[in-house]
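Today I want to look at the cores and at one stretch of strand pairing.

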Amino acid sequence: MGGVPPGGSGQALVLRECRVLDGLGGPPAEGEVWIVSGRIVEPGSARMAREESLAGRVVAPGLVDMHVHLCLDGGSDPLGAFSAAGPEELARLMREHAERTLLAGVTTVRDLGSPTGLVVSLRDDIAAGSARGPRIVASGAPITSPGGHLHQMGIPVRGPDAARAAVQSLQAAGVDVIKIVATGGGSSPQTDPRACQFTDDEMAALGEEARRLGLPVACHAHADAGVRQAVAAGMQTIEHGSFVSPSTLEAMAARRIAFVPTLAPAIHAGVLRPADPGRVPTRRMAAVGERWEARRAAVRAALECGVLVVVGSDAGVADTPHGGVVTEILALHACGMSPALAMAAAGRVAAGVLGIPDIGILTPGAHADLVVLEDDPLVDLTVLARPLAVMQAGRWVRPPAP
C-alpha cells in the first residue's frame, strides 16, 4: 500500500499555542504537537529544531475519504468525459484532483474505481514524493458484469472462473483493495440499481479469491439482494446501500462490515435544495432523490443497530467535486451522528476499516497528517471546509499564513 513521503529528520518541529483535537472523541485541549520524521512524538522527547505558533487555532487530524474516483471530473457527465480522454489526459487530471483533495485537508483516500495502472502509479509517486496528493488506497479497475455499471473503466466478468481471474489480475497489478459492482448504478442508465449483476456463485468466487490473496473487498450495492450477496461472500465494506433492509443491516453489524453510504452526490445534485420556481425535476434527479431518501433512512437504521458507518464522498461522480468530503460529514451529522462521531467516521473509525491505525488521530506514533482550523469542529463542523493549513507526514503542503 502506498504511503506518503517521510518528513523531517531526528529533530522536532513543535506546533505551539494551539488547541489539539486528538481524534479520540474528546474536546480540543491546550497543548503542543511535537513532530519528528513525519510522526507525532511525546512532547519533550526530541531536540527541538524549530517552533511555530498557531495563535490559539485548533489542530485536528487530516481527514479520510473512503470512496473517491480520481479519474472522474465531477461534472455533468463524468463517465462520458472519462471515455473521451486519453491516458495522458487522465493521468494529468488524476494528479490535479489528488492535489485539490489534499489541499482541502483530506490526507488519505480510498480510490474505488480508476484505471489500474494510472492509480497505482499515482499512489506510488505520492509515496515517493514526486507527486502531491493524499495517501491512496487503490482498487484499480472495478469488477463488473459485461455492459454493467462502470463497465467503461471496469473488468467485465461472467462465471466464477472469470471472477477469480479478475481478482488475480488486479492483485498482480499491485492494488490494495478489490472493488466489486454488485448492482446497477445511477451513473449507468442502462443498468438497474435495484437488480443484481452477479450470481451467488460469482460473488462467492470473488470473495473467496480476494480472501485467498489477502485483499479486502469493497462492494457497490444499492439493492438489498446485492448487499446480502456481499455479506454472504464476506466482503469488508458496502458502498451506497440505498435499499438495504433492517435484517441485512443486522447481519452487517454482526460481521463488522462497514457501511459507506455516500450521501454527498445527492446534496451536490440539488436534490435537497428547494426547487426553483418553474423548475421541472429531471428523471435523474428523481431517481437520485429516491435513493437519497432510502439511504438516509438506512443510515439511521444502521446507527441504531451498531453498523460501522464511515465517510465516503464518491468524489468525481456527477456534480460531486474532489475535496468536498465535508459535505458527507455534515450529511452524516444530519442523520443523527454527533459531531465527534461524524469526525471519527472520517478519522480513526475509517482508519480502522482501512487497517491503518496510525492515521486519523494525533497521538504519539501516528502520522503527522493534520489540519489547522479556525475553531472547534465539534462546535461547528463547517470549519472543516475552511482549513487554514494542511500538513502531510510532517511537512506543510498548505502552510499557515504568516
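Buried is under 20% relative accessible area, exposed over 50%, partly exposed in between (1.4 Å probe, protein chains only).

Ground rules before I go on. This is a predicted model, where local features need pLDDT of at least 70 and side-chain atom pairs count only at pLDDT 80 or more, while totals for chains, interfaces and linings use all residues. Residues are numbered from 1 along each chain as its sequence is written, and side-chain values use heavy atoms, with hydrogens and water left out.

Next, the neighbours of β16. I find antiparallel pairing with strand β15 (residues 370-373) over three bridges, and V372 has A389 as its bridge partner. Strands here are DSSP runs (E, at least two residues; helices are H or I, at least four), numbered from the N terminus, and two of them pair if DSSP finds at least two bridges between them. In the β16-β17 hairpin two residues sit between the strands, and A393 has a positive phi near 50 degrees.

Then the cores, meaning sets of buried Ala, Val, Leu, Ile, Met, Phe, Trp, Tyr and Cys residues joined through side-chain atoms within 4.5 Å. The largest has 86 residues, and M252 is one of those touching the most other members. Helix α10 (residues 325-334) gives it the largest share, five residues. Apart from it I noted another core of 18 residues, including V372 and A389.
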